[in-house]
Amino acid sequence: MKNLLISLFLIVCISQNGFSQKKIWDETANEKTERLAWWTEARFGMFIHWGLYAQAARHEWVKKNERISDADYQKYFEIFNPDLFDPAEWAKKAKAAGMKYAVITTKHHEGFNMFASEYTDYNIMNTPYGKDIIKQWVDAFRAEGLGIGFYYSLIDWHHPEYTIDRVHPQSASTTEEYDALNKDRDMGIYRAYLKNQVREILTNYGKIDILWLDYSFPGEFGKDHNDWGSVELLKMVRELQPEIIVNDRADLKDYQGGWDFTTPEQFKVKKWPEENGLRIPWETCQTFSGSWGYYRDEHTWKDNKQLLVLLIESVSKGGNLLLNVGPTARGTFDERADKALAEMGEWMKVNGRSVYGCTQAPDIFEAPDNTLLTYNPKTNRLYILLLDYPMQNFLIRGMGDKIKYAQFLHDASEIKMGKPYGHWIAQETEENDINLLLPVTKPNVEIPVIELYLK
């Protein structure tokens, strides 16, 4: 009897203090799928990292990397005047590149607000520019039919009550040093500030489609969901914008409704990410080069093929790509970014059908060598993306009974099927293999795409 009472007590405790506290948002799996459907369909978005660090032009973490004091960093605030900022032009470039949504930094780790805020003077309205950049940006991107996303940094290197931690410009080495640095700081005041600012950006600009909170770093001299007040913060977010899609960096992975998609950064995943054995929504965020903010002297820029493969490979594993631009302090895109966007746009103009609405191909389809596969479940079409263009014969194993028509996607020209062409040695084939007879000359697109109509 005693053991039974103890068991019942534990069940009550778990239900009251465990599972009930682990739910922020009450939503079924199907409802979540429907809420994320537009984003899953879109597959390709623009990230924009812009702030005072564009003046330094040597990485968005310049304040941390060079351990710059607030006093020395103030010069960027006092002269920030992006007089060439034309959000309509930005929006047109994003759309022409084939992007369907965009996410902009409303505040990065430096603590500066690109929006008009009631809670700090450290915002765009008090710079020489003096106009709400975020409002202009939202209006312009919304006018082009692009999804609207806000990035907001949980970290803040300017707020006087934000406690100094291991990623702060004033970071230290020992507990004693941190205690001394933080003895007059109150993280509770900062938590209220953070929540008030997130409320501002989710209230003052209409419907917001995506919220990027960045980022948690638990452990020694770090910060987790308790430091941010993430549970209450996300409850507020869900109430203010019920249809919003939220990333996974508020340290709420164990909470239902605490996040919607995971965010591998600056690397390619080996396979579709999973949680508890189930595939989850995901999006990789990537840069053109090695920096998110404008970096004048950084030259490790990816070429067009690398960027296209990055996009295609993400889609081939069921994910999205959020590709970053770091505008200059004048408010323009780096000419290298303009070139990259234009080249991707040329490819997307004729091959976008292999990206939008596509996902990982069913397991019954095996990708031939030097190719990637994407699949559109609505149209039942399979796309073979030729990373290395073959010579004439293109043998597809085990798919002969599944294909009814083949064409190049860029011009809708038929690709004939027939026996492998060659002399002196025969290509070994199985009964259900199928051979596509490709032109010897590679089509004039960076990565040719074969569109297969399936039976």
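**Entry 1. Helix 12 and its charged residues**

I began with Glu232 and Lys235, which are separated by about one helical turn because they stand three residues apart in helix 12 (residues 230–240). I note at the outset that the model I am reading is a predicted one. The side chains of Glu232 and Lys235 form a salt bridge, with 3.7 Å from N to O. Lys235, with a relative accessible area of 30%, is partly exposed.

I turned next to Arg238 and found a salt bridge between its side chain and that of Asp260, at 3.1 Å from N to O. Arg238 belongs to helix 12 and Asp260 to the loop between strand 5 (245–246) and strand 6, so this pair ties together parts that are 22 residues apart in sequence. Are Asp260 and Arg238 buried or exposed? I recorded Asp260 as buried, and Arg238 likewise. I also found that Arg238 and Asp260 are linked with Glu27 and Arg35 in a network of salt bridges.

**Entry 2. Salt bridges elsewhere**

How many salt bridges does the count come to? I noted a count of 32. One that I looked up joins Glu144 to Lys95, where the closest N and O atoms are 3.6 Å apart. This pair links distant parts of the chain, 49 residues apart: Lys95 is in helix 7 (residues 87–96), and Glu144 is in the loop between helix 8 (133–143) and strand 3. Lys95 has a relative accessibility of 45% and so counts as partly exposed.

**Entry 3. Glu161, a charged residue without a salt bridge**

I located Glu161 in the loop between strand 3 (147–153) and helix 9 (175–182). Glu161 is buried, yet I found no salt bridge for it. Which side chain of opposite charge is nearest to Glu161? It is that of Arg185, 6.9 Å away. I did find that the side chain of Glu161 reaches the backbone nitrogen of Asp186 at 2.7 Å. Setting aside neighbours within four places in sequence, I listed the contacts of Glu161 as Asp184, Arg185, Asp186, Met187, Ile189 and Tyr190.

I then examined the nonpolar residues. In soluble globular proteins, nonpolar side chains tend to be buried together. Here the largest nonpolar core has 95 residues, and the members that touch the most others are Trp137, Phe141, Phe150, Val198 and Leu211. Helix 13 (residues 304–316) contributes the largest share of this core, namely seven residues. Apart from neighbours within four places in sequence, Phe141 is in contact with Ile48, Pro87, Trp90, Ala91, Ala94, Ala102, Leu146 and Ile148. I also recorded a second, separate core of 21 residues, with Met399, Ala406, Leu436 and Leu438 among them.

Strands of a sheet pair through backbone hydrogen bonds, either parallel or antiparallel. The sheet I looked up is open, has three strands in the order 12-15-14, and shows antiparallel pairing. Which strands are at its edges? They are strand 12 (393–396) and strand 14 (416–417), each of which pairs on one side only. I found that strand 14 and strand 15 are joined over two bridges in the antiparallel sense. Lys416 stands opposite Leu437 of strand 15.

I placed Val445 in the loop between strand 15 (434–437) and strand 16 (449–454). Why does Val445 count as buried? Its relative accessibility is 15%, and the cut-off for buried is under 20%. Val445 and Val350 lie 95 residues apart in sequence, while their C-alpha atoms are 9.2 Å apart in space. Not counting residues up to four places away in sequence, Val445 touches Val350, Asn351 and His410.

Last, I found Glu275 in strand 6 (residues 274–275). Glu275 counts as partly exposed because its relative accessibility is 30%. I noted contacts with Lys253, Trp259 and Ile280, residues up to four places away in sequence not being counted. From Glu275 to Leu240 is 35 residues along the chain, and their C-alpha atoms are separated by 27 Å.

Note on methods. Residues numbered from 1 in each chain as written. Predicted model: local features only at pLDDT ≥ 70, side-chain atom pairs only at ≥ 80, totals over all residues. Heavy atoms only, no water. Helix = DSSP H or I, 4+ residues; strand = E, 2+ residues; numbered from the N terminus. Buried < 20%, exposed > 50% of the residue type's maximum accessible area, 1.4 Å probe, protein only. Contact = heavy atoms within 4.5 Å. Lys, Arg positive; Asp, Glu negative; His and termini not counted. Salt bridge = Lys/Arg side-chain N within 4 Å of Asp/Glu carboxyl O. Polar contact = N/O pair within 3.5 Å; in protein donor to acceptor, adjacent residues only side chain to side chain. Core = buried A, V, L, I, M, F, W, Y, C linked by side-chain atoms within 4.5 Å. Pairing = 2+ DSSP bridges.
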